[in-house]
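Colleague: I have a new model open on my screen. Could you show me how to read it?

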Amino acid sequence: MNLRYTLACVPGVALLFANLAVGQVPRVPQPIQQLMQSCQYAAAVKAIEAIEDSDTADLDYLAYLRGRALHLQEQYDAAIAAYQMVGQQYPDSPHARRARFATALSHVRQGDFRTAEKIYREEARFLLSLD
């Protein structure tokens with residue numbers, strides 16, 4: 001059975017995939033993809049920050065990817081701020097919820113388990129609600 005289909009059957013989890021068509025991959029410029037894949041995260045952050053054209057990239061995903069690159073550099077405070085910006089600038093993006101979970105993970109890496117637990121609890125409540 002397809003994992004995506006299985007997860008979509010759980011109440012609320014379908015919302016994670018609501019705006020993503022099956023097989024849809026966010027548009028990321030090739031140089032940024034290469035930088036991320038080669039673990040050149042600082043350069044990737046600079047390249048993401050230089051992107052202004054939404055015709056060649058999905059800016060909401062790039063905002064999330066910027067947070068991910070900062071997290072992978074162990075710059076957790078900056079990653080948390082970047083992830084929070086995803087939710088503020090793109091609240092309807094399918095990547096906003098992913099950014100919330102990533103925020104919690106950055107808090108875990110800092111040893112701030114209470115804040116991470118609060119985020120995970122809020123997200124679980126949302127995903128498992130019948131509304």
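Predicted model: local features only at pLDDT ≥ 70, side-chain atom pairs only at ≥ 80, totals over all residues.

Colleague: How many helices and strands are in the chain?

Modeller: Helices are DSSP runs of H or I with at least four residues, and strands are E runs of at least two, numbered from the N terminus. Here the chain has 7 helices and 0 strands.

Colleague: Which residues touch the most other members of the largest nonpolar core?

Modeller: Such a core is a set of buried (under 20% relative accessible area, 1.4 Å probe, protein chains only) Ala, Val, Leu, Ile, Met, Phe, Trp, Tyr and Cys residues joined through side-chain atoms within 4.5 Å. In this chain it has 22 residues, and Val28, Ile32, Met36, Leu62, Tyr64, Leu65 and Tyr83 touch the most other members. α4 gives the most to this core, with 7 residues.

Colleague: What is leucine 62 in contact with, beyond its neighbours within four places in sequence?

Modeller: Contact means heavy atoms within 4.5 Å. Leaving those neighbours aside, leucine 62 is in contact with Val28, Pro29, Ile32, Ile48, Ile51 and Ala57.

Colleague: And what caps the N-terminal end of α6?

Modeller: Serine 93 does, with a side-chain oxygen 2.9 Å from the backbone nitrogen of histidine 95. After α6 comes glycine 111, whose phi is positive, near 90°. The buried residues of α6 pack against α4, α5 and α7.

How values were computed. Residues numbered from 1 in each chain as written. Heavy atoms only, no water. Buried < 20%, exposed > 50% of the residue type's maximum accessible area, 1.4 Å probe, protein only. Polar contact = N/O pair within 3.5 Å; in protein donor to acceptor, adjacent residues only side chain to side chain.
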